[in-house]
Amino acid sequence: LVSGMYASGKYSSRGPALIPRMKTKHRIYYITLFSVVLLGLIATGMFQFWPHSIESAADWTLDKRSVHDAPVVRLPVSSPIPERGDLSCRMHTCFDVYRCGYNPKNRIKVYIYPLQKFVDELGVPISSTGLSREYNDLLSAISDSDFYTDDVTRACLFIPSVDVLNQNSLRIRETAQALAMLPRWDKGMNHLLFNMLPGGPPDYNTALDVPRDRALLAGGGFSTWTYRQGYDVSIPVYSPLSADVELPQRQPGPRRYFILSSQTAIHREYRAELERLKEENGEALLLLDKCSNLSQGAASARKRCYKGQVYDYPQILQESSFCVVLRGARLGQAALSDVLQAGCVPVILADSYILPFSEVLDWKRASVVIPEEKLSEMYTILKSIPHRQVEEMQRQAHWFWEAYFSSMKAIGLTTLQIINDRIYPYAARTYEQWNNPPVVKWSSVNSPLFLPLIPPRAPGFTAVVLTYDRVESLFRVITEISKVPSLAKLLVVWNNQNKSPPEESLWPKVGVPLKVVRTKENKLSNRFFPYDEIETEAVLAIDDDIIMLTSDELQFGYEVWREFPDRLVGYPGRLHLWDHEMGKWKYESEWTNEVSMVLTGAAFYHKYFNYLYTYKMPGDIKNWVDAHMNCEDIAMNFLVANITGKAPIKVTPRKKFKCPECTAIDGLSLDQTHMVERSECINKFASVFGTMPLKVVEHRADPVLYKDDFPEKLKSFPNIGSL
C-alpha cells in the first residue's frame, strides 16, 4: 500500500497518470476470476497426466481383479450351453484369421474380458475358488505384454476372465453357460481357454470337460486322443514351488545318484517295479515317497522320505542325473517342472502324453521318453547315453524351465507366441530361436562374428607353439616371435609324454609371459584346445620349425586379422580341386592363382574356434585327425569356412616355407604318403560335413606400400615378403 501511494504521488507530480487507478472492488473481481481460471487449468492438467483408474470398461486394470468388486451376473437355468467341443477343429476351419488382419509388427492382439462373478439362480458361484492366484498372474502378464489390447474391435484373440485352470473347482454346466454368455463368444470362435488340471474321478479325461464349442484350449494334460494337432496348445502343469523355492545354479555333470524317483502318488504296480530296480542297482537309484511321520501341510509337501531318512524337496532333485516322471491319475504332472528346474534330465513314462509346447520344443534334447511297458529296462537304457550327451541334456532341461516353465507369465506368453506363429508363419520364430539358449556361455568367449569391425590393438595375440622334441628349432621360433610388438603371451604345447621339457633356465629370455603346457597324449588336436592360458581374442598357431617368418610379417598378419576377426589369416596357401577322372577332391600345394585354405603351421584366428574344434567338430573328424596324425589344419579350415561361409585370407606372397634344418625324419610334411593322405582328408571331411564348405579366392593381403618404389625406411613393414 505504501509503494502504491508513492507511485501515485510520483505520477501526479509529472502530470496526469497514464493508467487510471483501478478501483478496489474491480481489482478483487479480476483477481478472483484469474484464480478460478488458473485452478481450472491446473485441475485439467492433473486429470490428463496424473495416473488414474478411469479407463475404458474393457481395460484389465488392477481395480477390476478383485472378485469382491466384480459385478455379479446371474445365470438362468435355461441359459444356453455350448457344444461339447469339435475334435475336427483346425486353424483353417474353426479360427477366423481375417479378424487378426495385417499389421507391421506381425503380432496378434489379445482382449481380456472384464472380470465378472457368475452365480446361478440361487446365488451360488460357478467356482468354489473364484479367481486363483495363478490365473490372476497369467492375465496380468498378458495385459502387460505387447499382445494386449483394450479395444475389443481390434482383437484377434479373446481370453475369458473365467478361471478354468483347475477343473476340480468348477461346476461344469454353469461354467459352460457363463462362457456362452460372453458378448463375443460366437460358438467359441477365436477364444482361448487355459486349463492345467483336466478331468475328474473316476476316469480323469485328458482334456477339459467343460463344453466349449470351437474355443482353442491350452491344456496341461493332453493325450494323442484329445489333442487337436496345430489347434490346441499343450502347456505344462505349473508348479507352485517355482515361485516359492529358488534353487542354486548347478553345473551339468555327474551327480550323487543316477536315477531318482520323487513322486508320491505312483500306482502300486509302478512302485513295485521301481523297488525291483532299486534292489538290482543299489545306491545308483534313490526311491522317495511321502513322509508318514510328518503332519500334513505345506511343510510336508517339501519333504520326501526313504526308510526314515528325510530329504528336502525339490532340492534333492539336483543330486541326480535322471529323474523319473511317471503318469498319475492325470498325464500332466507338476513334477516335470520341478525336475527341469533342478537341471535333472526327466525320464518321462506317460504313454500318449503330448509334452508341453512340443509343437516348437525339441524334447529329445532335454528328456528321455520311455514306454511304460519298458520301465523295467530303464536303467539299461539310460546307461547307454554318453556322459557328454547327458550334460547337454541337463543344461537344456534347466534352460527349458527358465524360458518356458518358470512362471505363469512364461507359460502364457509362450502359448500366445505359438498361436502368433501360426497366424503369421512368415514371421515365426525358428527352431533355433525356440530351442537354443540365447547365449552360449563358454568362459565368456564371444563369437568373432559379433566382434566390433576392428578389435583394439592393445590386447595383442597369444602365440601357441606345438612341439614334440625339436628343442633347438623351438627356441629359435620363440626368439623370433618375441620380437613381434603385439605379442602378449607365448604358450608352448609340449606334446611329448616320454620326455620332459627343458629346464626353465635353458629357455630363451623373452619380454612376455611364457607358459609350457604338458599334454596327456600326443595328439595334433592339442594345438587347438581352448587352454585357459589363452586370454586374448587372437591366437597365432605356429609350428616349432617355422623359423623363417620375420617380425614384420607376423605383425602385419595380426593387423590383417584385426580387420577380419572371423577369418583364418595365414601365410602358406593351399587349394582343393575336383579331379574329374577320379571323381573326388584333390589337395593341391603347387603355385596357382587361387587359394581356399591357409596352413595353421602359421595362422591367426579367433580363440572361439578352439571351442568349436574341440567340442563341436562334426562327426568323427577330430578322432580321425588324431589317429592319422595329419590334417588338423584342413579340419580347421573346413570348420571356419562352414561357420562363416567365407574364405581364408592369405598374407604376403609366401607360398612355401623353406626350412633347411627340417629333414624327412623330423618333418611330417616330407613323408612320401603325405600328399595322398591330404587328399583323402579333404574327401573324408567333405563326406562328414555333407558339403564342400571351402571357398576359393584369387586375392591376398599385402601392405599398402609393399610393391611401391618408395624408401624402405618409410614403409611400416619393410622386412616382408622375401622368399
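**Figure legends: close-up views of a predicted model**

The protein chain has an accessible surface of about 36800 Å², of which 54% belongs to carbon and sulfur atoms. The structure is a predicted model. Its protein chain contains 19 helices and 24 strands. Of the 723 residues in the chain, 51% are buried. Among contacts with a separation of 6 or more, 77% are between residues 24 or more positions apart. Across the whole structure, a search finds 29 salt bridges; several of the views below concern charged side chains.

**View 1. Salt bridge between Arg395 and Glu392 within helix 11.** The closest N and O atoms of Arg395 and Glu392 are 3.2 Å apart. Both residues belong to helix 11 (residues 387-405), where they are 3 residues apart, about one turn of the helix. An α-helix has 3.6 residues a turn, so residues three or four places apart point the same way. Arg395 counts as partly exposed because its relative accessibility is 40%. Glu392 is likewise partly exposed, with a relative accessible area of 38%.

View 2. When residues up to four places away in sequence are not counted, Gln394 touches Pro252, Gly253, Arg255, Ser321, Gly343 and Val345.

**View 3. Salt bridge between the side chains of Asp545 and Arg470.** The N to O distance in this pair is 3.6 Å. Asp545 lies in the loop between strand 18 (538-543) and helix 15 (551-563), and Arg470 lies in the loop between strand 15 (461-467) and helix 14 (471-481), so the pair ties together parts that are 75 residues apart in sequence. Asp545 is buried, with a relative accessible area of 14%.

**View 4. Salt bridge between Asp620 and Lys684.** The closest N and O atoms of Asp620 and Lys684 are 3.1 Å apart. Asp620 is in the loop between helix 16 (608-615) and helix 17 (621-628), while Lys684 is in helix 19 (residues 674-689), so this pair ties together parts that are 64 residues apart in sequence. Asp620 is partly exposed, with a relative accessible area of 34%. Lys684 also counts as partly exposed, at 24% relative accessibility.

**View 5. A salt-bridge network of Asp120, Arg171 and Glu174.** Salt bridges that share partners join Asp120, Arg171 and Glu174 into one network. Side chains of opposite charge can pair when their charged atoms come close.

**View 6. Buried residues of helix 17 and the helices they pack against.** In helix 17, the buried residues are Ile621, Trp624, Val625 and Asp626. These buried residues pack against helix 16, helix 18 (632-644) and helix 19. Met629 follows helix 17 and has a positive phi, near 50°.

**View 7. Lys607, a buried residue that has no salt bridge.** Lys607 is located in the loop between strand 23 (602-606) and helix 16. The nearest side chain of opposite charge is that of Glu537, 5.5 Å away. A salt bridge requires the nitrogen to be within 4 Å of a carboxyl oxygen, and Lys607 has none. The side chain of Lys607 does reach the backbone oxygen of Ile534, at 3.4 Å.

**View 8. Ser143 in helix 4.** Ser143 is placed in helix 4 (residues 133-143). With a relative accessible area of 11%, Ser143 is buried. A polar atom of the Ser143 side chain lies 2.7 Å from the backbone oxygen of Ser140. Ser143 and Val110 are 33 residues apart along the chain, and their C-alpha atoms are separated by 8.5 Å.

**View 9. Exposed Gly308 in a loop between two strands.** Gly308 occupies the loop between strand 10 (303-306) and strand 11 (309-312). Gly308 counts as exposed because its relative accessibility is 61%. The C-alpha atoms of Gly308 and Cys291 are separated by 7.8 Å, the two residues being 17 residues apart along the chain.

**View 10. A nonpolar surface patch made by Tyr30, Leu33 and Val37.** The patch covers about 300 Å². One of its residues, Tyr30, is found in helix 2 (residues 24-49).

Key. Residues numbered from 1 in each chain as written. Predicted model: local features only at pLDDT ≥ 70, side-chain atom pairs only at ≥ 80, totals over all residues. Heavy atoms only, no water. Helix = DSSP H or I, 4+ residues; strand = E, 2+ residues; numbered from the N terminus. Buried < 20%, exposed > 50% of the residue type's maximum accessible area, 1.4 Å probe, protein only. Lys, Arg positive; Asp, Glu negative; His and termini not counted. Polar contact = N/O pair within 3.5 Å; in protein donor to acceptor, adjacent residues only side chain to side chain. Patch = residues over 30% accessible without salt bridge, like charges linked within 9 Å, V, L, I, M, F, W, Y side chains within 5 Å. Areas by Shrake-Rupley, 256 points an atom, 1.4 Å probe, with all protein chains shown as cover. Contact = heavy atoms within 4.5 Å.
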